[in-house]
Amino acid sequence: MKCNVTERQVYLLCDGLLDKEQRAAVEAHVAGCERCGRVYREARATLALLKRPAPADSCFDAAAARASIERGLAAGSPAPRVLEFPLKKPSLRFLAAAAVLVFAAVASMYYAFGLQTGNHALPPAAARASQDGAIFTSTRDSIVVFDRMCALKVCPNSSVSISRPERRVVHFDLARGIVLIAAHKRLYDTIAVRCGAVTAVATGTHFSVDRTNGEVRVSVIEGTVTVHSSASGGQTAVSCGELCLADGASGSLSTGRIPRSLHMQLAEDFETLGPWAFPLAPPRGPDAHQSARSSADDPASAQQAYAAVRHIIRRGDYDDAVVAIVNYLSRHSLDHDVAYCDLALCYSKTGRWESALDAYGKAVAATNDSLVREAVLHRSNSILFSKLGRYREAEQEIRGYLASYPLGAWREREYGMLVKIELAQKRRDEAARTVEAYQAEFPVACTVEEMRAQIAQLPRDSGNKAGRLPVR
Amino acid sequence: MNAGSLSESDLVAKSRSGDTQALRELLFANAGMINGVAARITRNPQLTQDIFQEVAMRVIRKIGDFKGHCKFSTWLYRITVNVTFTVLARETEHRKTTGLDDVPEQVLADDQAIEESIDRRRMFEKAVSIIEGMPEISREIFSMFYFADASLEDIAKQTGKSENAIKAILFKGRRLVTKQLKKSGMMEVL
């Protein structure tokens with residue numbers, strides 16, 4: 001017998017969400033239909049599982065709740081909605097001070113990059129659109145994104161200056177207060193925060209540095225940071241989830257676990273810095289600058305429009321996000337590389353790998369930033385290799401990457417993919433040569449021996465046989 | 001004026017304007033609900049306490065963002081379920097890195113709710129892990145409805161989705177949970 005009741009109606013009946021008009025009919029059907037009756041029983045069973053009451057030993061403890069609330073209040077006072085009554089709020093002065101500090105931080109970076117690139121006294125829009133040394137301020141207070149792959153959050157009452165002696169080296173001088181730094185893990189050789197005699201050095205990670213009352217606290221949320229003290233001559237490595245306390249006067253260093261409440265707070269702060277705010281955020285090259293000017297696209301409105309797109313992505317509505325990004329691309333001329341990267345991300349999240357690859361290709365064409373191009377090429381190669389299984393094409397692209405980026409951030413992984421392709425195609429000699437080149441570049445790579453063992457198992461007489469691609 | 005004599009909407013208004021005492025009372029008035037939701041999902045008293053602490057901190061920091069478009073409790077449900085799943089994910093990661101995952105389940109079960117059968121608890125954990133894997137918005141809606149007992153109307157106001165869209169999400173989620181439990185052979189226990 002064919003059912004005229006859908007599975008959805010059966011579940012809605014079970015959850016008490018069915019309209020009155022439908023309820024009686026569906027109930028009657030479920031009572032007489034074996035298949036729908038089984039669906040209903042299963043739905044009831046999972047509902048009972050989900051609706052189980054809390055265990056008895058987790059009953060509400062009023063004293064513990066009060067203590068938690070007091071700890072929360074001590075850790076951070078509520079932020080009032082000043083926009084509704086701007087002039088009546090006592091926090092206005094605080095906000096104004098924060099704004100001045102943010103402006104000072106931005107201005108100091110602006111000045112630093114201006115000196116380096118010769119872009120003196122550019123108006124903000126032009127500075128944003130200038131190449132390489134440009135900076136970009138996000139819409140959020142006190143967050144500064146620069147160089148597309150590194151973001152800095154300057155907390156209120158903090159003072160920091162930035163210099164960049166080399167393309168992949170950034171120095172921050174923290175005079176006082178707190179900064180949070182989120183830098184792409186692989187694209188920087190050195191991210192250093194100096195606090196007098198104490199310096200925290202990382203090669204790209206998520207960490208915060210707090211300089212108050214003669215003490216420096218380095219908290220690491222992701223990656224590893226090395227803290228040096230020139231006063232004591234000591235140094236210590238601080239891993240993910242740890243903090244290091246450095247005494248400004250004696251230079252003594254001590255490490256420990258980050259308290260849970262601080263960890264949670266920092267993790268949440270970093271959520272606003274990345275991955276959505278910083279990874280591919282936007283200074284422009286000269287061509288893009290020209291195009292932005294010619295189309296009279298207002299950076300502020302483009303930024304606002306893109307913030308809405310990012311909001312949709314954050315919600316996880318990737319299909320809606322694709323539509324929003326395509327709309328953005330048709331209406332705005334700024335930051336197309338960023339938009340294409342996000343488009344590729346949305347396609348990847350929904351398993352549409354061919355479309356993702358296409359979007360990455362467009363991102364490469366749209367960008368003038370070598371670091372972004374490198375990152376995007378690596379992602380494309382990964383998709384070609386691991387998701388689409390187009391090994392011949394992947395091999396060509398991987399060889400292109402290895403030739404184009406002698407100091408590339410993903411060389412190790414690219415070598416890994418290349419060796420896997422050669423092993424799968426039983427190209428013994430070529431695989432051996434690749435492993436040799438790989439080891440010459442990465443002498444301590446732990447996978448080399450494993451690769452050699454796999455090569456040794458290949459028959460000696462097998463050569464490069466066209467068409468013998470690995471089976472996925 | 002004594003904050004304790006104010007209605008919830010007054011407490012919310014005062015808290016939004018920076019009144020710490022009102023915020024203290026507001027949080028305390030909702031502490032039972034926050035604990036209840038966290039305990040229903042985690043079934044672990046220690047994690048429940050951690051979640052309450054984290055929710056309190058978030059509310060303290062974000063109370064200015066509460067626009068009043070929906071009930072305060074619904075806004076709080078949403079924060080609570082989000083924090084709960086964040087804490088659960090961290091706990092899972094912690095158990096993996098510390099090797100706690102290798103400890104026989106019976107040993108871990110000893111210090112947890114005794115009245116719960118191991119099978120049933122394992123099945124519930126499986127269901128929670130399936131919910132964890134849902135897209136964020138679906139997870140929020142699903143948890144608000146089944147764990148926090150929020151009404152369809154309140155969820156619609158809070159999330160900006162239509163009631164029909166919410167019903168669709170609930171149905172898809174429920175069917176997913178049922179199918180996955182069946183696939184793993186756990187439905188027979190029910």
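Analyst: Happy to! Angles between axes under 35 degrees count as roughly parallel, over 145 as roughly antiparallel, 65 to 115 as roughly perpendicular and the rest as oblique. This is a predicted model, where local features need pLDDT of at least 70, side-chain atom pairs count only at pLDDT 80 or more, and totals for chains, interfaces and linings use all residues. Residues are numbered from 1 along each chain as its sequence is written, while chains are lettered from A and ligands numbered from 1 in the order in which they are written.

User: At what angle do helix H15 and helix H16 of chain A pack?

Analyst: Helices (H or I, at least four residues) and strands (E, at least two) are DSSP runs, numbered from the N terminus. Axes are lines fitted to C-alpha atoms, for helices over the stretch in contact, and angles run from 0 to 180 degrees between N-to-C directions. Here H15(A) (residues 411-424) and H16(A) (residues 428-441) pack at about 165 degrees, with axes 9 Å apart. The two helices are therefore roughly antiparallel to each other.

User: How do strands E12 and E13 of chain A run?

Analyst: Two strands pair if DSSP finds at least two bridges between them. Five bridges join E12(A) (residues 242-247) to E13(A) (residues 253-257), and the strands run antiparallel. They form a hairpin with five residues between them, and A:Gly251 in the turn has a positive phi of about 80 degrees. A:Ala246 stands opposite A:Leu253 in E13(A).

User: Is B:Ser184 buried or exposed?

Analyst: A residue is buried if 20 or more other C-beta atoms, placed from the backbone, lie within 10 Å of its own, exposed if 12 or fewer, and partly exposed in between. B:Ser184 counts as exposed because it has 12 C-beta neighbours inside 10 Å. B:Ser184 lies in the segment after helix H9 (163-183) of chain B.
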